[in-house]
Amino acid sequence: MNPCPVCGVTQNDNMSIKISGKIYEHGCFNCWIENVFTDIKMERIWQKKRWKDYPVKSMAQYLPVLIEEVGEVATEIYDNIYLDKSLNDCKTELIQVAAVCIGMIEKAEELMRQKEIEEQEENGE
């Protein structure tokens, strides 16, 4: 077991990729996933600022946005396979999909809380 080149913790899940004989270290899974989650969080913050004037009232309003983002992922995968394009843009699109899904989770929780409050008011609680 080697220490993670990012955090220094000795683990057996260091992520490395071998490309053309050269090994690229990405650190342990925990360091890698923290970076991914940070990217998703920053994208979600940007989305909330960008769309603040367009309030989402239902889960259904998220579907076209999600489908559009998933379509962009498909386009990037196609471009990578058939046009030999880098996967950098695909990663960006996947982060956007994840951030939209987080927005959907936020809305679902908000709607569940609203329903719970309405039920409590109906029951006189």
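Tyr78 is partly exposed, at 48% relative accessibility; here buried means under 20% relative accessible area, exposed over 50%, and partly exposed in between, with a 1.4 Å probe and protein chains only. Tyr82 is exposed, with a relative accessible area of 57%. Tyr78 and Tyr82 form a tilted aromatic pair, 4.7 Å centre to centre with 40° between the planes. For this term, rings of Phe, Tyr and Trp (its six-membered ring) pair if their centres lie within 6.5 Å; planes under 30 degrees apart are stacked, over 60 edge-to-face, and the rest tilted. The structure holds 1 aromatic pair.

This is a predicted model, in which local features need pLDDT of at least 70, side-chain atom pairs count only at pLDDT 80 or more, and totals for chains, interfaces and linings use all residues. Residues are numbered from 1 along each chain as its sequence is written, and side-chain values use heavy atoms, with hydrogens and water left out.

The protein has 3 helices and 4 strands, arranged along the sequence as β-β-β-β-α-α-α. Helices (H or I, at least four residues) and strands (E, at least two) are DSSP runs, numbered from the N terminus. Of the 125 residues, 22% count as buried.

The mean pLDDT (the predictor's confidence in each residue, from 0 to 100) is 85, and 85% of the residues reach 70 or more. Confidence is highest in α2, at 95, and lowest in strand β3 (residues 14–19), at a mean of 58. Where pLDDT is low, the predicted coordinates should not be read in detail.

The largest pocket has a volume of about 530 Å³. Of its 21 lining residues, Arg44, Trp51, Tyr54, Val56 and Tyr62 are the closest to the centre. A pocket is an open set of points on a 1 Å grid over the protein atoms alone, where a 1.4 Å probe fits, with protein on both sides within 12 Å along at least five of seven lines; lining residues have an atom within 4 Å of a point. The volume is the space filled by probe spheres set on the points, which are joined across faces, edges and corners.

Helices α1 (29–50), α2 (62–83) and α3 (88–122) each supply at least two lining residues, and α3 gives the largest share, 6 residues. The charged end of Arg50 sits over the ring of Trp51, 4.3 Å from its centre; this requires CZ of Arg, or NZ of Lys, within 6 Å of the ring centre and within 35 degrees of the ring normal.
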